[in-house]
Each structure stands twice: as structure tokens, then as C-alpha cells.
Amino acid sequence: MRTWGPSAVLAAALLVPASMLSTPATAGTRAPARRLPAGAPPCPNVPAPATRPPQPPPPADPAARAVGGAALATAGLALPPAAPAPPAVTATSWVVADLDTGAVLGGCGPHEYGVPASVQKLLLAATMLPRLDPGREVTVTAEDLAIEPGSSAVGLVAGGRYRIETIWLGLLLKSGNEAANALARLGGGPDGTAGGIRAMNSEARRLGALQTHAVTPSGLDGPGQFTSAYDLALIARACFADPAFRRYAATRTAQVPAQPALRTKAFPISNDNMLLDHYPGAIGGKTGFTDLARHTYVGAAERGGRRLVVTLLGAEVTAQRGWQQGAALLDWGFGLPRDAAVGRLVRPGELDRAAASPTGAASALAGGAGLGGAGAATTGSWPGTGPSVAVGAVLVAGGAVLLARRRRHAALAALPPGTASRGAAPEDD
């Protein structure tokens with residue numbers, strides 16, 4: 001696959017049409033509706049406020065949409081035969097899967113592009129947990145604290161000395177964006193945070209998450225940053241396979257130590273994932289929210305010897321918060337027979353091995369869906385895309401989305417306090 005350097009990225013960003021630059025992104029603009037193939041059942045959705053950005057993400061490469069099985073290559077509902085209808089939610093896409101067997105029990109637009117927000121931190125965890133010694137004490141830098149004003153933070157201080165385990169707890173309990181920066185820098189080698197982000201994208205490809213591309217380690221919005229509900233299920237499965245992650249994700253409260261030299265006191269932090277307190281058998285997950293992504297969520301639970309994970313993107317908070325929508329979908333999944341499946345989660349490295357085999361690509365996936373060489377992405381290229389025009393579309397979309405987000409910030413800032421179109425309070429930045 002062709003590699004795009006900084007100059008090519010800049011050139012593509014400059015190709016945004018003038019009409020897109022002059023169109024205001026107001027809170028009342030909705031993305032164009034998806035066009036479903038003939039006969040594809042639509043996803044059951046609760047009507048939600050019209051707050052989606054006007055520029056939709058790029059279309060997926062057909063090979064990337066086939067990962068996990070041909071039945072998942074739909075913008076609509078993918079269900080096993082005779083499965084009951086899933087609950088209606090506001091999420092624009094979702095997946096329910098078995099963490100142990102890898103079976104995908106169902107989904108809505110499993111391979112549709114979405115914006116991750118802080119569930120991106122799961123990719124950071126999958127990448128950096130094996131690289132970093134949790135007992136090592138490190139110094140947080142001013143660079144780590146350079147995060148978007150008002151976004152979620154643990155409260156780490158520049159010059160403070162913390163065990164890496166404490167930083168992990170700050171990341172997964174309080175979604176600290178400064179914790180994400182520190183972990184990416186520490187695990188990124190000589191190139192620091194930039195090396196950490198490259199490692200995240202390399203790990204996404206290894207896991208088979210061909211539609212995932214990280215631009216920031218925290219999930220704060222960046223042009224060209226996307227994922228899918230299916231990819232998040234792959235990433236979550238890798239996380240829950242790690243005992244340290246399971247322990248951190250299930251931790252209810254922790255203590256951030258004092259920094260006597262900096263005259264800061266110790267303080268407690270608690271887990272933002274309400275599934276742990278309100279869903280029997282919950283074993284962890286991650287919340288997310290940005291103006292662009294809206295509400296995103298990953299949650300997992302165990303019941304009757306089964307461990308299921310739910311991933312959802314693009315949710316609005318009307319009657320249910322993101323974790324509550326996830327809980328409803330988990331209930332639906334646990335109600336299905338143990339052998340129910342509409343596809344499967346590919347194994348780490350499977351797509352790379354299949355691409356290297358003369359006959360492996362055609363047989364690597366359940367249902368015989370071919371890969372078409374999609375697993376052969378190289379460092380620096382957009383994962384899971386084919387022709388160069390698709391890469392350009394991604395970059396243009398990312399630039400337009402960033403412009404829309406900035407205009408939306410300005411529009412919302414101009415509204416008087418308490419105006420309804422400011423939206424629901426974020427679960428997490």
C-alpha cells in the first residue's frame with residue numbers, strides 16, 4: 001500500500017472544497033442517512049437530537065468490511081438466524097461479541113467508520129501494557145499536561161513522580177488525557193509520543209483493526225482519526241486478555257499519591273464506568289465523549305460462564321446514557337443461544353499471516369470472506385483502504401470534520417447558558 005508523507009497529507013487537506021469551508025456546522029445539522037443495500041434490515045434507533053457533524057466519514061474498503069465474515073459488511077443490522085430484535089438505542093453503530101470464543105453475536109453497521117473519543121485509550125492500553133513496567137517510577141512532564149482545556153484529566157502535576165501503575169489507574173478510571181500522553185511518551189521510545197502513536201497504529205493492524213487510525217493517544221479529536229464498532233471489539237478483546245488490564249478496569253477507587261516537593265496532597269479517584277456499579281457481572285470497560293464523536297462506550301460482563309463485550313459509537317443521551325445502552329445490548333446478547341453468531345473476531349496477526357499465504361486470504365475468515373490483501377498495510381499509510389483516492393477522501397473528511405468541530409464550538413459558545421442545544425453533559429472527554 002502506498003505510504004503518504006507529511007507533504008501529501010497537507011496537500012490532501014488543502015483539497016477540501018470551498019463550499020465545505022463556507023458551510024456553517026450548526027447544532028441542527030445531521031449527517032446524510034446511510035444507504036442500505038436492498039433487503040438489509042435497518043438498525044433499530046431511538047430518535048436523537050440532530051447533532052452529528054455534516055461531513056460523514058469515508059466509505060470503507062470492501063476488503064476491510066469483510067473482516068470477520070461477509071454478513072458484517074452492512075450499514076444495517078447483522079443478526080443470527082431467528083435472533084430476536086435487539087433493543088433500540090441511539091448509537092449509530094454497535095457490536096456485541098463473545099470475549100472468549102470470538103463469536104460476533106450481532107451488530108449495527110459493524111464496519112461503519114466512527115470517531116472514538118476516549119475509548120481510544122483501550123488501543124493505548126493494548127499497545128503499552130506489555131511495554132511498561134507498572135512498578136517503575138516516572139516523572140510527568142509539562143508536555144504530558146498539554147491537553148485541550150476542559151477535557152478530562154486525573155490531576156497529575158508536572159514534575160510529579162508516579163508509579164506507572166498509578167498512571168494506568170488514572171487513565172482507565174478517570175480517563176486522564178495527561179495520563180494518556182505520559183503513557184504514549186514513555187512507551188514510544190526515542191520519538192516519545194509520536195512513537196507511541198505509531199505503535200498504536202501498528203498494534204491496530206496486528207489485531208486486524210483495519211479501520212482504526214489513531215492521531216492522538218487520548219482520543220481527543222484529530223483529523224483522520226477513526227475506528228469502527230468491530231475494531232473496538234477486537235481491541236477490547238486484546239485488553240481483557242491482559243490480567244493487569246482486567247484488574248485496573250475493575251478497580252472502583254484508587255489513590256493518587258502526594259507530591260511533597262511540589263506541595264500537592266494525595267487525593268482519591270473513582271471509576272467513571274457506571275456499569276461496574278449497576279450491572280451484575282460487569283468486569284470493566286471505558287466511556288468516551290467529545291463534541292465530534294458524541295458518546296462512545298465499551299463494556300464487558302460475565303454471566304453463566306460467558307463473557308460478552310459491547311462496543312458502541314455515535315450515541316446520544318436521551319433516555320439512556322452510553323453505559324445504559326451498552327447494558328441493554330449486553331442483556332440482549334446474554335439472551336441468545338451460546339452457538340449464536342453472525343461473524344467472528346479475527347485473531348491477532350491472523351490477517352497478516354493470511355496475506356502472506358498464497359491461499360490464506362480466501363480462507364482466513366468465517367464464511368470464506370476474502371481479504372484481498374487488506375492486511376498488508378505499512379507504517380505511515382491509512383489502514384484498510386485501497387486506491388489512493390480513498391486515502392485522499394479520508395484526509396479531506398478529517399480536515400472538514402475538524403473545521404466543523406471548531407465552528408460548532410464557536411456556535412455553542414455563543415448560546416446563552418442552559419440552552420438545550422448545548423447537548424447532554426459529557427460522560428468523558
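Author: We begin with burial, for which a residue counts as buried when its relative accessible area is under 20% and as exposed when that area is over 50%. Please keep in mind throughout that this is a predicted model.

Reader: Is G195 buried or exposed on that scale, and in which element does G195 lie?

Author: G195 has a relative accessibility of 9%, and because buried means under 20%, G195 counts as buried. The residue belongs to helix α7, which covers residues 192-207.

Reader: What share of the protein chain is buried, and how many helices and strands does the chain contain?

Author: Of the 429 residues in the protein chain, 57% are buried, and the chain contains 14 helices and eleven strands. Among the contacts in the chain with a separation of 6 or more, 71% are between residues 24 or more positions apart.

Reader: How should I read the packing of two helices, and at what angle do α4 and α5 pack?

Author: The general idea is to take the angle between the N-to-C directions of the two axes, where over 145 degrees counts as roughly antiparallel and 65 to 115 as roughly perpendicular. Helix α4 (residues 121-128) packs against helix α5 (residues 164-174) at an angle of about 155°, and their axes are 10 Å apart. That angle makes α4 roughly antiparallel to α5, and the crossing in which α4 passes α5 is left-handed. On the α4 side the contact is made by K121, L122, L124, A125 and M128, while α5 contributes W168, L171 and L172. Sorted by class, this contact of α4 with α5 has seven nonpolar residues, one charged residue and no polar ones.

Reader: Which residues make the contact of α4 with α7, and at what angle do α4 and α7 pack?

Author: The axes of α4 and α7 are 9 Å apart and the packing angle is about 90°, so α4 and α7 are roughly perpendicular to each other. From α4 the contact takes in L123, L124, A126, T127 and M128, and from α7 it takes in G196, A199, M200, E203 and A204. By class, the contact of α4 with α7 has seven nonpolar, two polar and one charged residues.

Reader: How many residues of α4 are buried?

Author: Eight of the eight residues of α4 are buried, so this helix is largely enclosed by the rest of the structure. The buried residues of α4 are K121, L122, L123, L124, A125, A126, T127 and M128.

Reader: Where does Q120 lie, and with which residues is Q120 in contact beyond its neighbours within four places in sequence?

Author: Q120 lies in the loop between β3 (103-108) and α4, and Q120 is buried, with a relative accessible area of 3%. Leaving aside its neighbours within four places in sequence, Q120 is in contact with M200, A214, V215, T216, P217, S218, G219 and Q225. For one of these, T216, which is 96 residues from Q120 along the chain, the C-alpha atoms are separated by 8.5 Å.

Reader: How many aromatic pairs does a search of the whole structure find, and what is the geometry of W94 and W332?

Author: The general idea is to look at the distance between ring centres and then at the angle between planes, where over 60 degrees counts as edge-to-face. A search of the whole structure finds three aromatic pairs. In one of these, the rings of W94 and W332 have centres 5.8 Å apart and planes at 80°, so the pair is edge-to-face. W94 lies in strand β2 (residues 93-98) and W332 in helix α11 (residues 322-334), so the pair ties together parts that are 238 residues apart in sequence. W94 is buried at a relative accessible area of 0%, and W332 counts as buried at 8% relative accessibility. F240 and F245 also form an edge-to-face aromatic pair, 5.1 Å centre to centre with 85° between the planes, and both F240 and F245 are buried.

Reader: Where are R263 and R294, and what phi does R263 have?

Author: R263 has a positive phi of about 60° although it is not a glycine, and R263 sits in the loop between β6 (253-256) and β7 (267-270). R294, likewise not a glycine, has a positive phi of about 65°, and its place is in strand β9 (residues 294-303). R263 is exposed, with a relative accessible area of 81%, whereas R294 counts as buried at 2% relative accessibility.

How values were computed
Residues numbered from 1 in each chain as written. Predicted model: local features only at pLDDT ≥ 70, side-chain atom pairs only at ≥ 80, totals over all residues. Heavy atoms only, no water. Helix = DSSP H or I, 4+ residues; strand = E, 2+ residues; numbered from the N terminus. Buried < 20%, exposed > 50% of the residue type's maximum accessible area, 1.4 Å probe, protein only. Axes fitted to C-alpha atoms, helices over the stretch in contact; angles between N-to-C directions. Parallel < 35°, antiparallel > 145°, perpendicular 65-115°, else oblique. Left-handed = near helix turned anticlockwise from the far one by under 90°. Contact = heavy atoms within 4.5 Å. Nonpolar A, V, L, I, M, F, W, Y, C, P; charged D, E, K, R; others polar. Phe/Tyr/Trp six-rings, centres within 6.5 Å; stacked < 30°, edge-to-face > 60°.
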